[in-house]
Amino acid sequence: MWRPFAECVSDRDVHSDDESGARKRKYLSQDAKQILLNIYNTLMEENNEGQTKNIQRTSQLTKVPIGTIYKTIKNNAEPRKQRSDKGAPRKIKEYEIDIIRQQVYCMYRENVVPTIESLHKKVNDETIDIQCSKTTLWRTLKKAGFKFCTSL
């Protein structure tokens with residue numbers, strides 16, 4: 001019978017003498033932990049024997065120690081780590097702000113009302129090539145003191 005946990009043992013096993021009877025430490029991958037949780041949740045749905053009985057049954061089916069299953073179930077509730085810069089806008093450099101400012105003044109000289117959409121198209125044009133989102137552009141210009149109409 002194929003067991004997904006046999007492939008998940010890493011090279012970090014704790015080596016011990018076979019005579020001492022000490023167990024080798026196994027590190028399960030995220031996939032193996034997810035399979036453990038799936039088996040445990042299925043057993044919980046199928047029968048009402050309680051958490052302890054279902055953990056013991058999961059241990060028998062997968063040949064994984066009961067303590068590992070307890071830890072996997074307990075740690076399942078923790079959210080995944082997120083990047084520290086998630087959602088942070090891209091920083092626009094000072095010289096880029098000056099270029100954007102010149103484009104705004106240029107639009108006023110042409111009697112065109114600068115909106116975020118029109119300025120975004122002009123700034124991301126091949127001639128200027130400052131790649132940023134509309135939100136980043138708006139935040140940067142707001143800090144610089146500009147006020148815009150969002151639409152006409």
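1. A residue counts as buried when its relative accessible area is under 20%, as exposed when that area is over 50%, and as partly exposed in between, computed with a 1.4 Å probe on protein chains only. The face of H1 turned away from its buried side carries the exposed residues Gln 30, Asp 31, Glu 45 and Glu 46.

2. The model is predicted: local features need pLDDT of at least 70, side-chain atom pairs count only at pLDDT 80 or more, and totals for chains, interfaces and linings use all residues. Residues are numbered from 1 along each chain as its sequence is written, and side-chain values use heavy atoms, with hydrogens and water left out.

3. The protein chain holds six helices and zero strands, and its pattern along the sequence reads α-α-α-α-α-α. Helices (H or I, at least four residues) and strands (E, at least two) are DSSP runs, numbered from the N terminus. Of the 152 residues of the chain, 26% count as buried.

4. Helix H1 comprises 17 residues, 30-46, and should span 24 Å at 1.5 Å a residue; its end C-alpha atoms are 24 Å apart, which agrees. The expected span is 1.5 Å times one less than the number of residues.

5. On which side of H1 do the buried residues lie? The buried residues are Ala 32, Leu 36, Leu 37, Tyr 40 and Leu 43. They cover an arc of only 140° around the axis, which puts them on the same side of H1; the arc is that of the directions from the helix axis to the C-beta atoms. What covers these buried residues includes helix H2 (51-62) and helix H3 (66-75).

6. Thr 58 is found in helix H2 and is buried, with a relative accessible area of 0%. Leaving aside neighbours within four places in sequence, Thr 58 is in contact (heavy atoms within 4.5 Å) with Leu 36, Ile 39, Tyr 40, Leu 43 and Ile 69.

7. The axes of helix H5 (residues 116-123) and helix H6 (residues 134-144) come within 10 Å and cross at roughly 105°. That makes H5 roughly perpendicular to H6, a term for angles of 65 to 115 degrees. Axes are lines fitted to C-alpha atoms, for helices over the stretch in contact, and angles run from 0 to 180 degrees between N-to-C directions.

8. In this crossing, Ile 116, Glu 117, Leu 119 and His 120 of H5 meet Lys 134, Leu 137, Trp 138 and Leu 141 of H6. The residues of the contact divide into five nonpolar, one polar and two charged. Ala, Val, Leu, Ile, Met, Phe, Trp, Tyr, Cys and Pro count as nonpolar, Asp, Glu, Lys and Arg as charged, and the others, Gly among them, as polar.

Definitions and conventions: Angles under 35 degrees count as roughly parallel, over 145 as roughly antiparallel, 65 to 115 as roughly perpendicular and the rest as oblique.
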